[in-house]
Amino acid sequence: MRPQRVAIWVGLAGFAVGVAMTWAGIQQLGSVSGFLHIPAAEAAFYERLVGPVVVAPAPGHDGRYYLLLAIDPFLQQVDDYEAAFDFPRYRAQRIAYPMVAGLLGSIPAKAAMWSLVLVNIGAIGLGCWSTARLSHALGKNGWWGLSFVVNPGVYFELLIDGGSILGWALAILAIERLLKGRNGPAVLLLVAAGLSRETMLIVAAACAAYVFRNDPKWSIRLAAWPLAIWLAWATIVGLRLTGPMVPNTVSAAPFTGFGPAVAHWLDQGGPHLAVGVLVLMCTAIAIFGIIKYPSPVSGTALGFGLLMFVLGHGVLSDYGNLSRAMIPMVPSALLILAPVRS
């Protein structure tokens, strides 16, 4: 079967898996509003926007922030952000996903609530299709594209209406475009990925490092444009909203959150230990990959593996948060280990 056809089938399979995971999430959470994870103290505010909502345990989660960004991506209702967001400036930096879901703020809140879920389903299909194309560009079987969705981080991000699924899908497509010599589109995709989640700038750095020896000018562009656009948007947000650019998800010093997190994994066992060990294994595979098969994929995996050692205990100790923060690790590790086609 031709690689392009394989990629289409893999993308469709990923989309179907996304639909199945969403259905399972609705059954688990009670309704689509459950993906917003609205705590009881804030329920009245959001019910004025979307009607009755499922109440989540405190302190809630990211979905409700993305809803506000989807209906007001250009930060007009500053008072609402300041009242509803824990870290207004930090949350509003991640604008690409809610901007797409809200169609630039042109749809009502209830439609945006559904659109957040639908965009993530589409992003899963896009991610599988992009990973299949990337697998082929690396000389491997396109069916490894399903590695995108064989990933606990994707499921947990879907359940909270998170933006990392779209960001990682765009980043993968950027790597594929780069390997095919389409540097201009790769830069644009890396810009969009960085605006989805700031940690996707690690992918831009990996791409820049990969091409530096052969093409220093494009290396600078690959690193500089995503960072410059992200900083420009972060500056605009900083002029409108208060709070830190990076909250307490990052440790004051490297390894200060990692040690206690390992102790927590060993104490709790179960999924905490399983996800922790999985991420450490993927980091070891990334080191092997950067030595044996250097590419933007292995560079990305290594970058996220190193990121783990500076994250705070609050992220590292929760298996859902850890798997979401490390969302590129599992598919990257599988692509590194996948055999090259004969």
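How many salt bridges does a search of the whole structure find? The search turns up nine, counting a side-chain nitrogen of Lys or Arg within 4 Å of a carboxyl oxygen of Asp or Glu. Bear in mind that this is a predicted model, so to speak: local features need pLDDT of at least 70, side-chain atom pairs count only at pLDDT 80 or more, and totals for chains, interfaces and linings use all residues. Residues are numbered from 1 along each chain as its sequence is written, and side-chain values use heavy atoms, with hydrogens and water left out.

**View 1. Arg 64 and Glu 42 pair up in a salt bridge.** The closest N and O atoms here are 2.7 Å apart. Arg 64 belongs to helix H3 (residues 63–71), while Glu 42 sits in the loop between strand E1 (38–39) and helix H2 (43–50), so the contact ties together parts 22 residues apart in sequence. Helices (H or I, at least four residues) and strands (E, at least two) are DSSP runs, numbered from the N terminus. Arg 64 is buried, at a relative accessible area of 2%; buried means under 20%, exposed over 50% and partly exposed in between (1.4 Å probe, protein chains only).

**View 2. Five charged residues share one salt-bridge network.** Start with Arg 324 and Asp 62, whose side chains meet at 3.9 Å, N to O. That pair links distant parts of the chain, with Arg 324 in helix H17 (residues 319–325) and Asp 62 in the loop between strand E2 (55–56) and H3, 262 residues apart. Arg 324 is buried, with a relative accessible area of 7%, and Asp 62 is buried with a value of 7%. Now look at Glu 157 and Arg 197, where the closest N and O atoms are 3.9 Å apart. Glu 157 lies in helix H8 (residues 152–159) and Arg 197 in the loop between H10 and helix H11 (201–211), so this bridge ties together parts 40 residues apart in sequence. Both Glu 157 and Arg 197 are buried. Shared partners join Asp 62, Arg 91, Glu 157, Arg 197 and Arg 324.

**View 3. Ser 196 sits buried in helix H10 (residues 183–196).** Its relative accessible area is 0%. A polar atom of the Ser 196 side chain lies 3.1 Å from the backbone oxygen of Ala 192. Leaving out residues up to four places away in sequence, Ser 196 touches (heavy atoms within 4.5 Å) several residues, including Tyr 66, Arg 94, Tyr 97 and Leu 170.

View 4. Rings of Phe, Tyr and Trp (its six-membered ring) pair if their centres lie within 6.5 Å; planes under 30 degrees apart count as stacked, over 60 as edge-to-face and the rest as tilted. Tyr 46 is buried, with a relative accessible area of 0%. Elsewhere, Tyr 155, Phe 156 and Tyr 319 form one aromatic cluster.

**View 5. Arg 221 lies over the face of Trp 218.** The distance to the ring centre is 4.7 Å. Lys 140 does likewise over Tyr 293, at 5.8 Å from the ring centre. The rule asks for NZ of Lys or CZ of Arg within 6 Å of the ring centre and within 35 degrees of the ring normal.

How values were computed: A polar contact is a pair of N or O atoms within 3.5 Å; within protein, one must be able to donate a hydrogen and the other to accept it, and residues adjacent in sequence count only if both atoms are side-chain atoms.
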